[in-house]
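The sequence and structure come first.

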Amino acid sequence: MSHKRMPKRKAAIAAGGVAALGAAAILLPNANASQDAAPDAAAAPKTLKAADASDLASRLAGLLGDSFAGSYYDAGSKQLVVNVVNGDDNEVVVQAKKAGAKVREVANSLAELKTGAQTLKSEATIPGTAWAVDPRTNKIVVTADSTVTGRNWDRLESTVDSLGSGMASVKKSAGTFKTFLSGGDAIFAGGARCSAGFNVTAGDGSPAFLTAGHCGVAAEQWSDAQGGQPIATVDQATFPGAGDFALVKYDDPATQAPSEVNLGQQTVPISQAADATVGLQVFRMGSTTGLSDGQVTGLDATVNYPEGTVTGLIQTDVCAEPGDSGGSLFTQDGLAIGLTSGGSGDCTVGGETFFQPVTTALAAVGATLNGDAAGGAGAGDDAGAGQDAGAGAGEEAGAGQDAGAGAGEEAGAGQDAGAGQDAGNGAANGNANGGGHGLGEIVGNGVGN
């Protein structure tokens with residue numbers, strides 16, 4: 001994420017260990033525009049880009065009422081798949097199909113799945129566990145990290161079994177669930193390092209950025225260089241509890257904060273905030289591991305960190321490591337999706353990573369994503385969407401780079417701090433999720449400083 005501190009100086013847009021060779025050239029082209037079905041096939045599913053799929057899912061949730069049982073985005077066909085119960089109700093199916101969705105009948109209603117999640121909360125809130133509804137399987141997917149053993153594992157399995165056949169599944173994760181706070185690079189506070197996510201305008205009109213809540217509660221003032229003078233102060237922070245987000249205001253009211261994600265060689269303009277959809281192809285920038293990609297695998301996830309339970313998160317298969325906390329999750333066409341919270345694994349073996357939804361964080365702190373004001377939607381320099389609109393996705397570390405709290409090249413964030421100089425290669429996901437456009441080149445060639 002980029003920021004400019006005025007009038008004293010302009011902060012350079014730093015590569016800071018998150019550059020990925022060839023990344024920008026692949027990310028920047030616009031995503032496919034929405035295409036309606038042929039006139040003579042009004043009931044056929046429409047081809048949609050990610051933002052339109054998310055909007056359609058929200059509308060259908062209200063339209064279908066109790067028959068709506070979740071939805072997900074099929075990135076391969078670029079179609080929204082909507083689950084319904086009572087599929088024999090032809091009117092329900094007809095309405096969903098007319099709206100452009102692909103309809104699938106399932107056994108479990110959203111109400112039943114939410115009741116199951118409540119049972120897990122009351123009976124199996126065990127550190128090292130997490131769960132989220134997966135609309136692709138129409139089940140609650142429960143994950144236990146390597147610390148869940150013995151009686152705790154037995155208790156978890158027993159609770160899952162009590163939900164009934166076909167309601168939930170449980171799997172093991174090789175790593176441990178933890179927040180990705182670390183000492184080192186990007187934005188600094190004492191021995192802690194995080195990343196800034198997106199530049200925003202606070203409710204009082206002052207420039208600010210969003211980052212992870214566990215970073216906000218760890219320290220009040222943040223610098224853009226290790227041992228440097230503070231440049232931003234935490235205004236609000238939530239962690240643990242109903243989210244993991246913080247609003248950090250720049251100390252200099254003249255700070256200008258562009259709305260973009262810095263890829264090192266080029267930037268991706270951020271046009272607006274959007275809700276995630278299961279199946280959505282996403283990218284994450286981090287001060288430790290650079291650029292990485294993957295898919296959204298669950299929504300409204302609950303994670304039981306050692307520090308406490310956090311609810312309402314986005315679950316993904318994108319990798320992350322300590323120091324990436326607070327970094328930006330975004331789409332190819334410039335939509336701000338989330339802030340890095342925590343997870344298990346790393347960018348060598350993979351694992352689950354959870355993100356705070358940007359839309360929820362903005363509503364909670366009363367801030368506006370700068371890019372929303374511009375209304376642009378381009379995904380690249382040539383797309384022209386909101387390059388100067390304000391709230392960019394931090395170099396992951398937004399604050400890490402020049403994002404506001406960011407450590408620009410001159411500030412030394414990622415230059416000499418040594419955070420992830422060699423970690424860039426760890427971002428190699430190799431386009432395992434088939435995002436198209438040669439995304440493997442983007443994340444596979446990740447380089448450090």
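This is a predicted model: local features need pLDDT of at least 70, side-chain atom pairs count only at pLDDT 80 or more; totals for chains, interfaces and linings use all residues.

**Disulfides**

With a cut-off of 2.5 Å between cysteine sulfur atoms, the count comes to two disulfides. Counting bonded cysteines along the chain, the pairing pattern is 1-2, 3-4.

| Pair | S to S | Angle about S-S | Hand |
|---|---|---|---|
| Cys-194 and Cys-215 | 1.9 Å | -85° | left-handed |
| Cys-319 and Cys-347 | 2.0 Å | 95° | right-handed |

The link of Cys-194 and Cys-215 is left-handed, with -85° about the S-S bond. Because Cys-194 sits in strand β9 (residues 192-194) and Cys-215 in helix α6 (residues 213-216), this pair ties together parts that are 21 residues apart in sequence. Cys-194 has 0% relative accessibility and therefore counts as buried. Cys-215 is also at 0% relative accessibility, so Cys-215 counts as buried.

The link of Cys-319 and Cys-347 is right-handed, with 95° about the S-S bond. Cys-319 belongs to the loop between β20 (308-316) and β21 (328-330), and Cys-347 to the loop between β22 (335-343) and β23 (353-357), so the pair ties together parts that are 28 residues apart in sequence. Both Cys-319 and Cys-347 are buried.

**Helix α7**

Which residues of helix α7 (residues 358-365) are buried? They are Val-358, Ala-361, Leu-362 and Val-365. Viewed down the axis of α7, the buried residues fall within an arc of 100°, so they line one face of the helix. Just after α7, Gly-366 has a positive phi of about 75°.

Terms used:
Residues are numbered from 1 along each chain as its sequence is written. Side-chain values use heavy atoms; hydrogens and water are left out. Buried means under 20% relative accessible area, exposed over 50%, partly exposed in between (1.4 Å probe, protein chains only). Helices (H or I, at least four residues) and strands (E, at least two) are DSSP runs, numbered from the N terminus. The arc is that of the directions from the helix axis to the C-beta atoms.
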